[in-house]
Amino acid sequence: MTQAFERRATKLLRDYDEFSPPVDVEALARSLGISVNFEELDSDVSGLMLIEDGSVKVAINEAHHRHRQRFTLAHEIGHMLLHAKGDRVFVDRRFFRNEWSSSGELREEIEANAFAAALLMPRLLIREHVDAKAGITDIDVFRLATQFAVSEQAMTLRLVKLNYIEPD
Ligand SMILES: [Zn+2]
């Protein structure tokens, strides 16, 4: 499952010439025909996606940090490509907690997160920017998070996932 997401995300980035950090996720969304708006939303809502009659609209919480907004948009792109068959509404609250009611919903959220991480922090690009032999310090995590324009939390999870660092 994870490998398939990696390949799909990498192909998408290459197809739209966005394969360098920081990935321009907004340009990518526009290329995919998604209309992206930054709006006032409940503080616990990261983003919404409305798919109706083939048109795709995403609203991102305008009050959230840019890094979180980028992850939200990447997550919605994941939903669109992986989960949307026909009209549908997605409401996304938090990404790193397991609060979803049904297991089907939970599976979709986990998949959209995995896709978003692969899109914003592609394995191959991380490898280019990491000196694995030297070991990864907190400063490196900060530097990488800045380079890829993601939160340090998201970068840390990604580096654990890619086996560059041990989980805490
Ligand atoms: Zn979601």
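What is the site of the zinc ion like, judged by the angles among its four donor atoms? Some notes on that and the rest follow.

1. The zinc site comes out as irregular, with angles of 92 to 141° among the four donor atoms. For reference, four donors count as tetrahedral if all angles lie between 85 and 135 degrees; four count as square planar and six as octahedral if opposite donors are over 155 degrees apart and all others between 65 and 115; anything else is irregular.

2. A word on the basis: this is a predicted model, where local features need pLDDT of at least 70 and side-chain atom pairs count only at pLDDT 80 or more, while totals for chains, interfaces and linings use all residues. Residues are numbered from 1 along each chain as its sequence is written, and side-chain values use heavy atoms, with hydrogens and water left out.

3. On the protein side, zinc is held by His75 (NE2), His79 (NE2), Asp92 (OD) and Glu109 (OE), lying 1.9 to 2.0 Å from the ion. Donors here are N, O and S atoms within 2.8 Å of the metal (3.2 Å for Na, K and Ca); water is not among the atoms, so sites may look incomplete. The sequence spacing reads H-x3-H-x12-D-x16-E.

4. Helices (H or I, at least four residues) and strands (E, at least two) are DSSP runs, numbered from the N terminus.

5. Setting aside neighbours within four places in sequence, glutamine 69 is in contact (heavy atoms within 4.5 Å) with Phe38, Ile60, Asn61, Glu62, Ala63 and His64.

6. Now the sheet: four strands, open, in the order E1-E3-E2-E4, with mixed pairing. Strands E1 (34-39) and E4 (88-92) are at the edges, each with a single partner strand, so one side of each has no neighbour in the sheet. Strands pair if DSSP finds at least two bridges between them; E2 (residues 47-52) and E3 (residues 55-61) are antiparallel over six bridges, and glutamate 52 stands opposite serine 55 in E3.

7. Isoleucine 51 lies in strand E2 and counts as buried at 8% relative accessibility. Beyond neighbours within four places in sequence, the contacts of isoleucine 51 include Val56, Met80 and Phe90.

Note on methods:
Buried means under 20% relative accessible area, exposed over 50%, partly exposed in between (1.4 Å probe, protein chains only).
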